Amino acid sequence: MRSLARACIRHRRITVVSWIVLLLVCIAAAASLGEEFSTNFELPESDSQQAFELLQDRFPEQSGDSFQVVFQTTDGKLTDPANQAVLEETADAFDATDVVTGVSLPTAQGGVISEDGTIGLATAQIDGRSFDVETDDVDELIEIGEQAGSDAVQVELGGDLIRYGQQQESSAAEGVGVLAAIIVLLITFGSVVAMGLPILTALIALGTALSLVTVFTHVIDTADFAPALAAMIGLGVGID
């Protein structure tokens, strides 16, 4: 490692240019090939997979995943006629999609509702597994949830299916991490140049690594959370 470090210092211009060229080549390859991340988390012969297959065989209507719909009213109770109408309209809107097979309202028999009757939990059953649902279908469900409700009833969605859809939206978490690292290194080193070197090194290495991850999705099955995991580890290790 010492000899490699000496060689990089001795040929520092060539080293910097080589890294920049490698970064650009990896980015170009990732952009041209696109991504094929896998969302299939089935584990053959596992207990959970056997339970799922048993549900498919014996109770197909309950074999799919589900997501949660939470209702809260600030005017009366959910069982009031006006609020009940909002709950039923929301359930009908979900039922009208190609994904949802049924919605159990909190005001129905056996439903989950708070003691004061102002908060209720509905369960929406879907046809299949959450990671198999198309992005457009998830977006439709989220849009229905955003448009549902009234001045008196608030509607919120939860569950793995909704989380998968919201994860596709851009996140500023990595940017916040880089900003925090810049502040810490600036305080530690007391120099912009000394701070900038590890940050620049980490960003170049991270950009190259994430591009290679995208390229290798065409070669091996890669989970869709791999880039986020690589970014968190890469920033920490790269800066260290």
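Predicted model: local features only at pLDDT ≥ 70, side-chain atom pairs only at ≥ 80, totals over all residues.
**Overall chain**

- In sequence order, the elements follow the pattern α-α-α-β-α-β-β-β-α-β-α-α-α-α. Helices (H or I, at least four residues) and strands (E, at least two) are DSSP runs, numbered from the N terminus.
- The chain has 240 residues, and 29% of them are buried. Buried means under 20% relative accessible area, exposed means over 50%, and partly exposed lies in between (1.4 Å probe, protein chains only).
- Of the contacts between residues at least 6 apart in sequence, 70% join residues at least 24 apart. A contact means heavy atoms within 4.5 Å.
- The chain has an accessible surface of about 15300 Å², and carbon and sulfur atoms account for 59% of that surface. Accessible areas come from the Shrake-Rupley method with a 1.4 Å probe; for residues, only the protein chains shown count as cover.

**Helix α4**

- α4 covers residues 81-95, which is 15 residues, and its span from first to last C-alpha is 21 Å, close to the 21 Å expected at 1.5 Å a residue. The expected span of a helix is 1.5 Å times one less than its number of residues.
- The buried residues of α4 are N83, Q84, V86, L87, T90, A91 and F94. They fall within an arc of 155° when seen down the axis of α4, so they line one face of the helix. The arc is that of the directions from the helix axis to the C-beta atoms.
- P81, A82, E89 and D92 are exposed on the other side of α4.
- The elements that the buried residues of α4 pack against are β1 (66-73), β2 (100-104), α5 (135-147) and β5 (153-158).
- Q84 counts as buried because its relative accessibility is 17%. Its contacts, leaving aside neighbours within four places in sequence, are L78, T79, L105 and T107.

- α5 has 13 residues and spans 18 Å from its first C-alpha to its last, close to the 18 Å expected at 1.5 Å a residue.
- V138, L141, I142, I144 and G145 are the buried residues of α5. Down the axis of α5, these residues fall within an arc of 155°, so they line one face of the helix.
- On the other side of α5, the exposed residues are D136, E146 and Q147.
- F131 is placed in the loop between β4 (119-126) and α5. F131 has a relative accessible area of 11% and is therefore buried.
- F131 is 66 residues from D65 in sequence, and the two are 9.5 Å apart in space, C-alpha to C-alpha.

**Strand β1: Q68**

- Q68 lies in strand β1 and is partly exposed, with a relative accessible area of 26%.
- L157 is 89 residues away from Q68 in sequence, with 5.7 Å between their C-alpha atoms.
- Not counting residues up to four places away in sequence, Q68 touches L121, A122, E156, L157, G158 and G159.

- M195 lies in helix α8 (residues 192-216). At a relative accessible area of 10%, M195 is buried.
- M195 and L185 are ten residues apart in sequence, and their C-alpha atoms are 5.3 Å apart.
- L185 is among the residues that M195 touches, together with I182, L186 and F189, when residues up to four places away in sequence are not counted.
- F225, L229, M232, I233 and V237 make a nonpolar surface patch of about 530 Å², and I233 has its place in helix α9 (residues 226-239).
- Patches are made of residues with over 30% relative accessible area and no salt bridge: like charges are joined within 9 Å, and nonpolar side chains (Val, Leu, Ile, Met, Phe, Trp, Tyr) within 5 Å. A salt bridge is a side-chain nitrogen of Lys or Arg within 4 Å of a carboxyl oxygen of Asp or Glu.

Terms used. Residues numbered from 1 in each chain as written. Heavy atoms only, no water.
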